[in-house]
Amino acid sequence: FFLLIHSQFHRSIFQISSISPTYRLLQSTSLLNRQETSSLSFSAISTMKKGVLSAREKRDPSPRKRSWPYFVLLPLIGWWGWRILVHNDNLLRSYLSIDSLSDSLSDSRSDSFSNVSTTPQQTAIKERNFDVGPVLPSAATVQTLLESERQKIIEAGGIAPYPNYELLANTYALTYAFIREFEIRHIPIFLYAGSVLGAMRHHGVIPFSEKDVDFAVFSTNSVLIGEAIQAAFNSQGGDIAKTGTFEKVNFGYQFEQLRHADPALQSKPLVSHYFDFWFFESYADGAGTKKAKCVGRDNKTGCRDWFKTFWAKNPPVYDYSDWFPPRYQVFGTHRVPISSTNKHIETWVFDEGKDFWNTTCGPWRRWYDKGGWIITPKNERVCSNFYDKNPFVFLTGNGTEQLRQNSTVLHESQRSLHKK
């Protein structure tokens, strides 16, 4: 009688413990896209069935003749096993194969950060202040913040996505300095092109295939713009102040690399990416609607020449309201101004279509010196292929943005905000 009661009780404990967590885990993925949810549910149910069958085989062996001493020992063994399973959570999870199921679900996320994603295994860190204050963050401060996120990735068994965090910190610190100097001179400045895409999707420069930081500058006053750039170099001190320089290009200004002042070190860069400054202007069209477009240098034909050369098209024309008022989005360790809408990363310059940029990663074409432009296969550009080795932004249920690499939460912030 004792063995019968014990067996039924043990069966109830197993069924409740194994099915209920699985059902809750499957519920947590209900807002994923249909294709991912379908495959996840099938995998989860299969795992659950295997766990149930395996456990039943362990507890209900085929009947065979038992000698008398076993009827004395079995109640003691059953009582001991019940205490371990109920009171040792780690063993219980291992016994029911819940750990592997939980991992497979938590690693599966929506490709689009505008969807609600699954709850990560790591508890979200408390949101810090990402606003650039009156005093610009130094490169050392930026590097400390970046290194703390890098350490989280390493501790979770991941691989840091950026090769050199010191150079990356210099790049972000210089970015904040450029923005500050342009604002002092009342020149509207925004992140532009792939840099906006990086801010929205990665809270920073795109960790794969990105080489520069792009700015849209709403001015054609090349003298004033040059003063702002040089002032930003000077604000950083050291070799950046000594060697910082830029050159004229058809779309505006550019500098490809900053080097050490010491000739013996000039082969080593000071920043991780080069910078482009695209000259924009706003104007009223024939219908009186306020518009905005890139015009560049050279009597405002520079951008047209650049786009004709690389795209065989004229520069895109935007509504003024696509840019103003600016939003402020995390880029690196602090917020920077970006356009009011995502319109300019949803045109033919990237991939036309709303939120297409958020599910498709990598350039749609590649340049080969011997063969020209070659189209990149679509199967190489699925963003979920990059989740395990690169940080991506995901929108949580409470409306905040989490930067995660795999299931490791690096930081959490409010969504991009319009300046008050």
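I began with Pro-325, which sits in the loop between strand E7 (318–319) and strand E8 (327–331). Helices (H or I, at least four residues) and strands (E, at least two) are DSSP runs, numbered from the N terminus. The peptide bond from Phe-324 to Pro-325 is cis, with omega near -5°.

I noted what I was working with. This is a predicted model, where local features need pLDDT of at least 70, side-chain atom pairs count only at pLDDT 80 or more, and totals for chains, interfaces and linings use all residues. Residues are numbered from 1 along each chain as its sequence is written, and side-chain values use heavy atoms, with hydrogens and water left out.

Next I looked up backbone angles. Most residues other than glycine have a negative phi, and most peptide bonds are trans. Asp-298 is not a glycine, yet its phi is positive, about 55°. I found Asp-298 in the loop between strand E6 (290–294) and helix H11 (302–311). Asn-299 lies in the loop between E6 and H11. Its phi is positive too, near 60°.

Then I checked exposure. Buried means under 20% relative accessible area, exposed over 50%, partly exposed in between (1.4 Å probe, protein chains only). Asp-298 is partly exposed because its relative accessibility is 46%. Asn-299 is exposed, at 76%.

Is Thr-171 buried or exposed? I found that Thr-171 is buried, since its relative accessible area is 0%. Thr-171 belongs to helix H7 (residues 165–184). Beyond its neighbours within four places in sequence, Thr-171 is in contact (heavy atoms within 4.5 Å) with Val-213, Val-271, Ser-272, His-273 and Phe-275.
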